[in-house]
Amino acid sequence: MPGPCNIKKKKKQQAKREKKSLLPRTDEPSPPPAAVPCPDDSQLLPATPNIYDPGTGPRVRSAKEFLSSFFSQPPSLNDPLCAEFAQEEILQMLCTVLPEETAIILWYNKSRAKGRVCPSCRRLYNLGDVLPDLTQDNPKRAVESPLLTREQFISGLCSPLCFIMASFNHPGAIKTTWGRVAEDMDDVTWDLLNGPGVGIGDEGLGLLLKMTRLADLGLAQLCFPDVNIDI
(Lines give C-alpha, C1' and ligand atoms only; values in the text may rest on other atoms or scores of the structure.)
Protein backbone atom coordinates (compact mmCIF):
# COMPACT_ATOMS: atom_id res chain seq x y z
CA MET A 1 0.00 0.00 0.00
CA PRO A 2 1.56 3.31 -1.13
CA GLY A 3 2.29 5.75 1.61
CA PRO A 4 2.72 9.55 1.61
CA CYS A 5 6.43 9.22 0.84
CA ASN A 6 5.79 7.20 -2.31
CA ILE A 7 3.26 9.77 -3.61
CA LYS A 8 5.76 12.65 -3.14
CA LYS A 9 8.49 10.62 -4.87
CA LYS A 10 6.26 9.96 -7.93
CA LYS A 11 5.40 13.65 -8.24
CA LYS A 12 9.10 14.61 -8.21
CA GLN A 13 9.90 12.03 -10.92
CA GLN A 14 7.03 13.30 -13.09
CA ALA A 15 8.24 16.90 -12.74
CA LYS A 16 11.76 15.88 -13.81
CA ARG A 17 10.40 14.09 -16.92
CA GLU A 18 8.43 17.19 -17.92
CA LYS A 19 11.52 19.39 -17.62
CA LYS A 20 13.58 17.02 -19.79
CA SER A 21 10.90 16.66 -22.45
CA LEU A 22 11.61 18.40 -25.80
CA LEU A 23 7.93 18.71 -26.64
CA PRO A 24 6.08 21.90 -25.72
CA ARG A 25 3.73 21.65 -22.79
CA THR A 26 0.10 21.53 -23.77
CA ASP A 27 -0.93 23.78 -20.94
CA GLU A 28 1.16 26.72 -22.27
CA PRO A 29 0.01 28.86 -25.26
CA SER A 30 1.96 28.43 -28.54
CA PRO A 31 3.88 31.49 -29.80
CA PRO A 32 2.13 33.42 -32.58
CA PRO A 33 3.31 32.60 -36.15
CA ALA A 34 5.91 34.92 -37.65
CA ALA A 35 4.39 37.66 -39.76
CA VAL A 36 5.01 37.26 -43.50
CA PRO A 37 5.95 40.63 -45.04
CA CYS A 38 3.61 41.78 -47.78
CA PRO A 39 5.34 42.57 -51.10
CA ASP A 40 5.50 46.20 -52.13
CA ASP A 41 3.10 47.25 -54.90
CA SER A 42 6.05 48.11 -57.13
CA GLN A 43 7.26 44.51 -56.89
CA LEU A 44 3.92 43.17 -58.12
CA LEU A 45 3.85 45.34 -61.26
CA PRO A 46 5.83 44.31 -64.35
CA ALA A 47 8.79 46.48 -65.30
CA THR A 48 8.02 49.27 -67.78
CA PRO A 49 9.34 48.16 -71.18
CA ASN A 50 12.14 50.29 -72.58
CA ILE A 51 10.81 49.96 -76.14
CA TYR A 52 7.20 51.00 -76.77
CA ASP A 53 5.12 52.00 -79.79
CA PRO A 54 2.65 54.90 -79.52
CA GLY A 55 1.39 54.14 -83.04
CA THR A 56 4.00 55.90 -85.16
CA GLY A 57 6.91 53.52 -84.68
CA PRO A 58 8.91 52.09 -81.77
CA ARG A 59 10.38 54.53 -79.25
CA VAL A 60 13.29 54.25 -76.82
CA ARG A 61 12.67 55.33 -73.21
CA SER A 62 16.25 55.03 -71.93
CA ALA A 63 19.15 55.27 -74.35
CA LYS A 64 21.50 53.81 -71.74
CA GLU A 65 19.38 50.66 -71.34
CA PHE A 66 18.86 50.46 -75.10
CA LEU A 67 22.58 50.03 -75.79
CA SER A 68 22.64 46.67 -73.99
CA SER A 69 19.32 45.45 -75.41
CA PHE A 70 18.48 43.05 -78.23
CA PHE A 71 17.23 45.97 -80.35
CA SER A 72 20.56 47.80 -80.40
CA GLN A 73 22.60 47.19 -83.53
CA PRO A 74 26.33 46.55 -83.10
CA PRO A 75 28.78 49.23 -84.27
CA SER A 76 29.55 49.11 -87.98
CA LEU A 77 33.26 48.41 -87.61
CA ASN A 78 33.63 47.66 -91.33
CA ASP A 79 32.89 51.33 -92.03
CA PRO A 80 36.03 53.37 -91.20
CA LEU A 81 34.11 56.46 -90.06
CA CYS A 82 31.65 54.45 -87.93
CA ALA A 83 34.55 52.49 -86.42
CA GLU A 84 36.25 55.74 -85.49
CA PHE A 85 33.16 57.03 -83.70
CA ALA A 86 32.54 53.65 -82.02
CA GLN A 87 35.48 54.14 -79.66
CA GLU A 88 34.48 54.44 -76.01
CA GLU A 89 36.61 57.58 -75.69
CA ILE A 90 34.35 59.35 -78.21
CA LEU A 91 31.30 58.60 -76.08
CA GLN A 92 33.09 59.90 -72.99
CA MET A 93 33.95 63.13 -74.80
CA LEU A 94 30.37 63.58 -75.98
CA CYS A 95 29.13 63.16 -72.41
CA THR A 96 31.25 66.12 -71.34
CA VAL A 97 29.43 68.52 -73.68
CA LEU A 98 25.92 66.99 -73.95
CA PRO A 99 23.40 65.51 -71.52
CA GLU A 100 24.10 61.79 -71.15
CA GLU A 101 21.01 60.53 -72.99
CA THR A 102 21.57 62.91 -75.91
CA ALA A 103 25.26 62.01 -76.03
CA ILE A 104 24.50 58.27 -76.14
CA ILE A 105 21.99 58.72 -78.98
CA LEU A 106 24.43 60.82 -81.01
CA TRP A 107 27.21 58.27 -80.40
CA TYR A 108 24.92 55.41 -81.46
CA ASN A 109 23.83 57.18 -84.65
CA LYS A 110 27.38 58.06 -85.71
CA SER A 111 28.78 54.59 -85.03
CA ARG A 112 26.07 52.64 -86.89
CA ALA A 113 25.77 52.60 -90.67
CA LYS A 114 21.98 52.22 -90.79
CA GLY A 115 20.57 52.06 -87.25
CA ARG A 116 19.16 55.32 -85.88
CA VAL A 117 17.44 56.66 -82.79
CA CYS A 118 15.88 60.07 -83.31
CA PRO A 119 17.42 62.48 -80.76
CA SER A 120 14.13 64.38 -80.48
CA CYS A 121 11.25 61.85 -80.36
CA ARG A 122 13.41 58.75 -79.64
CA ARG A 123 11.92 56.84 -82.59
CA LEU A 124 13.90 53.71 -83.48
CA TYR A 125 14.39 53.17 -87.21
CA ASN A 126 16.83 52.31 -89.98
CA LEU A 127 18.01 54.56 -92.79
CA GLY A 128 15.79 53.90 -95.78
CA ASP A 129 12.65 53.20 -93.73
CA VAL A 130 9.51 55.06 -94.80
CA LEU A 131 8.24 56.34 -91.47
CA PRO A 132 4.70 57.31 -90.38
CA ASP A 133 4.03 61.04 -90.30
CA LEU A 134 4.14 62.39 -86.74
CA THR A 135 1.76 65.28 -87.53
CA GLN A 136 -1.23 63.15 -88.56
CA ASP A 137 -4.00 62.10 -86.18
CA ASN A 138 -4.22 58.87 -88.12
CA PRO A 139 -0.57 58.36 -89.07
CA LYS A 140 0.13 57.92 -92.76
CA ARG A 141 3.40 57.17 -94.40
CA ALA A 142 5.37 60.39 -94.78
CA VAL A 143 6.48 61.46 -98.22
CA GLU A 144 10.24 61.06 -98.46
CA SER A 145 12.38 63.96 -99.68
CA PRO A 146 16.10 64.13 -100.47
CA LEU A 147 16.69 66.63 -97.67
CA LEU A 148 14.87 64.44 -95.12
CA THR A 149 16.88 61.39 -96.16
CA ARG A 150 20.09 63.36 -95.84
CA GLU A 151 19.13 64.82 -92.45
CA GLN A 152 18.41 61.34 -91.11
CA PHE A 153 21.91 60.33 -92.18
CA ILE A 154 23.53 63.48 -90.75
CA SER A 155 21.85 63.81 -87.34
CA GLY A 156 19.36 60.97 -86.96
CA LEU A 157 16.45 63.46 -86.66
CA CYS A 158 13.67 61.44 -88.24
CA SER A 159 11.16 64.03 -89.45
CA PRO A 160 10.70 67.73 -90.25
CA LEU A 161 8.83 68.15 -86.95
CA CYS A 162 11.74 66.68 -84.95
CA PHE A 163 14.19 68.90 -86.82
CA ILE A 164 12.12 71.98 -85.95
CA MET A 165 12.09 70.91 -82.28
CA ALA A 166 15.87 70.51 -82.32
CA SER A 167 16.42 73.91 -83.97
CA PHE A 168 13.81 75.74 -81.88
CA ASN A 169 16.45 77.92 -80.24
CA HIS A 170 17.65 79.08 -83.68
CA PRO A 171 14.45 79.54 -85.74
CA GLY A 172 16.15 81.76 -88.31
CA ALA A 173 18.49 78.93 -89.31
CA ILE A 174 15.91 76.19 -89.82
CA LYS A 175 15.54 76.42 -93.60
CA THR A 176 19.24 76.91 -94.33
CA THR A 177 20.38 74.08 -92.01
CA TRP A 178 17.83 71.38 -92.90
CA GLY A 179 19.59 68.51 -94.68
CA ARG A 180 22.88 70.39 -94.98
CA VAL A 181 26.42 70.06 -93.65
CA ALA A 182 29.03 72.76 -93.05
CA GLU A 183 30.17 72.91 -96.68
CA ASP A 184 26.60 73.71 -97.80
CA MET A 185 25.97 76.49 -95.28
CA ASP A 186 26.84 80.19 -95.52
CA ASP A 187 28.32 82.45 -92.85
CA VAL A 188 24.94 83.96 -92.00
CA THR A 189 23.58 80.53 -91.05
CA TRP A 190 26.66 79.81 -88.91
CA ASP A 191 26.29 83.16 -87.16
CA LEU A 192 22.70 82.26 -86.28
CA LEU A 193 23.71 78.83 -84.97
CA ASN A 194 26.59 80.28 -82.96
CA GLY A 195 24.37 82.96 -81.43
CA PRO A 196 22.77 82.67 -77.98
CA GLY A 197 19.43 81.61 -79.42
CA VAL A 198 16.14 82.19 -77.64
CA GLY A 199 17.34 80.53 -74.45
CA ILE A 200 14.91 77.60 -74.22
CA GLY A 201 16.14 74.38 -72.60
CA ASP A 202 16.32 71.68 -75.25
CA GLU A 203 18.30 68.81 -73.65
CA GLY A 204 21.29 69.66 -75.84
CA LEU A 205 19.43 69.24 -79.15
CA GLY A 206 20.52 72.66 -80.43
CA LEU A 207 24.17 71.82 -79.81
CA LEU A 208 23.70 68.37 -81.37
CA LEU A 209 22.20 70.03 -84.43
CA LYS A 210 25.25 72.23 -84.78
CA MET A 211 27.79 69.50 -84.04
CA THR A 212 26.38 67.12 -86.64
CA ARG A 213 27.01 69.65 -89.42
CA LEU A 214 30.74 68.88 -88.97
CA ALA A 215 32.46 65.67 -89.99
CA ASP A 216 34.23 65.31 -86.62
CA LEU A 217 31.30 66.74 -84.61
CA GLY A 218 33.60 69.60 -83.57
CA LEU A 219 35.36 67.28 -81.13
CA ALA A 220 38.69 68.54 -82.40
CA GLN A 221 38.13 71.51 -80.10
CA LEU A 222 38.16 69.13 -77.14
CA CYS A 223 41.18 67.17 -78.33
CA PHE A 224 43.18 70.29 -79.18
CA PRO A 225 41.98 73.06 -76.84
CA ASP A 226 44.85 75.39 -77.84
CA VAL A 227 43.69 75.45 -81.47
CA ASN A 228 40.96 77.97 -82.24
CA ILE A 229 38.35 76.17 -84.35
CA ASP A 230 35.02 77.88 -84.93
CA ILE A 231 31.95 75.72 -85.23
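First, the ground rules. The model is predicted: local features need pLDDT of at least 70, side-chain atom pairs count only at pLDDT 80 or more, and totals for chains, interfaces and linings use all residues. Residues are numbered from 1 along each chain as its sequence is written, and side-chain values use heavy atoms, leaving out hydrogens and water.

Salt bridges, then. A salt bridge here is a side-chain nitrogen of Lys or Arg within 4 Å of a carboxyl oxygen of Asp or Glu. How many turn up in the whole structure? The search finds four.

Take Glu151 and Arg213. Their side chains meet at 2.6 Å, N to O. Glu151 sits in helix H7, Arg213 in the loop between helix H11 (205–211) and helix H12 (220–223), 62 residues apart. Helices are DSSP runs (H or I, at least four residues), strands are E runs of at least two, and both are numbered from the N terminus.

Are these two buried or exposed? Glu151 is buried at 0% relative accessibility. Arg213 is buried too, at 2%. Buried means under 20% relative accessible area, exposed over 50%, partly exposed in between (1.4 Å probe, protein chains only).

Next, Asp184 and Arg150. That salt bridge spans 3.0 Å, N to O. Asp184 is in the loop between H9 (174–177) and H10 (187–194), Arg150 in H7 (residues 146–154), 34 residues apart. Asp184 is partly exposed at 39%. Arg150 is partly exposed at 36%.

Last, Arg122 and Glu101. Their closest N and O atoms are 3.2 Å apart. Arg122 lies in the loop between strands E3 (115–117) and E4 (124–126) and Glu101 in helix H6, so the pair ties together parts 21 residues apart in sequence.
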